Every structure is written in structure tokens, then in C-alpha cells.
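Subject: A structure for you to look at

Hello,

Here is the structure I promised to pass on. Please open it alongside this note, and my findings follow below.

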Amino acid sequence: MKTTINSNMALGLAITSLGCASPTNIVKNFNVLMIIADDLRPDLGCYGDNNVKTPNIDKLAARGTVFQRAYCQVAVCNPSRVSLLSGLRPDTTGVYDNSKFLRTQMPAVVTLPQHFKNHGYISLSMGKVYHHSPTEPGN
């Protein structure tokens, strides 16, 4: 089931620096910045809102990729974030609400931040990208 994002997980900007190199001849990792804002609407200049003044995020968006059509599988924040960062649908993760946790459901899944970390990137997060149980470590 697809639900258009409006007030849940409304903003997903992935700003990536891409280059052309053959996979066997890559000499450095490219910078990747992914900004996820949860429970908001896309009230930003880069989304065409002229009432909100967001010059810095608009400049950043102009240098990267702004996703104009975003969807989520469940109209609840935790399952949507788990799906986005694991690449798995809620019927696979078993996370349908905010009371279940990714690591409880799927302890061995490799998340997007882990994938980057496993390939030499420094992976940092700030805020509530995941809901954690009181006993589980960060993702």
C-alpha cells in the first residue's frame, strides 16, 4: 500500500556528490549527505514554497538531488524510516507501528548507514532517525 507523504516523513533530500569513474578505478569516496526531516511538510523554497524563506537549504538543494515524489508504506514515522533505511518493506521487517524496533525484528539486517560505514565512510546521525528499544544499540 502506497501513501503519499504529506505530514509524515515529508522531506527526504538526498544530496550526493557523484563522479564518473570505473568501479575498479575509484581512488576516493565521494561525499554523501542525506537529510531526512520527519513529521513535517515540504515548506521550503526548493519545493516551490514562496512564503517560507530558506536560502541556505535552497542553495544546498540546487547542488544536489531534490526528490519531488516521495512515498511511504505506512502512515506512521517509525515503519517508514525503518523501510527507507533498511530497503525492506514493512511486511518484511514486521515493523508496522512505533512499538516495534528494527533490531528486535531483524537483528542482522544491514542498514543504509551501516552499508556506508562498512565501505569506509564515516556515518553519523543526529535526531531520531530510528526508534530504539531501551536495550538495543544504535544503528
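Which residues form a nonpolar patch on the surface? They are Met 34, Leu 84 and Leu 112, with about 220 Å² of accessible area together. Patches are made of residues with over 30% relative accessible area and no salt bridge, and nonpolar side chains (Val, Leu, Ile, Met, Phe, Trp, Tyr) are joined within 5 Å; a salt bridge is a side-chain nitrogen of Lys or Arg within 4 Å of a carboxyl oxygen of Asp or Glu. Accessible areas come from the Shrake-Rupley method with a 1.4 Å probe, and for residues only the protein chains shown count as cover.

Some background: this is a predicted model, where local features need pLDDT of at least 70, side-chain atom pairs count only at pLDDT 80 or more, and totals for chains, interfaces and linings use all residues. Numbering starts from 1 along each chain as its sequence is written, and side-chain values use heavy atoms, leaving out hydrogens and water.

The chain has five helices and five strands (DSSP runs numbered from the N terminus: H or I, at least four residues, for helices; E, at least two, for strands). Of its 139 residues, 27% count as buried (under 20% relative accessible area; exposed is over 50%, partly exposed in between, with a 1.4 Å probe and protein chains only).

Thr 54, by contrast, is buried at 14%, in the loop between strand 3 (32-37) and helix 1 (55-62).

Best wishes

Technical notes
Patch = residues over 30% accessible without salt bridge, like charges linked within 9 Å, V, L, I, M, F, W, Y side chains within 5 Å.
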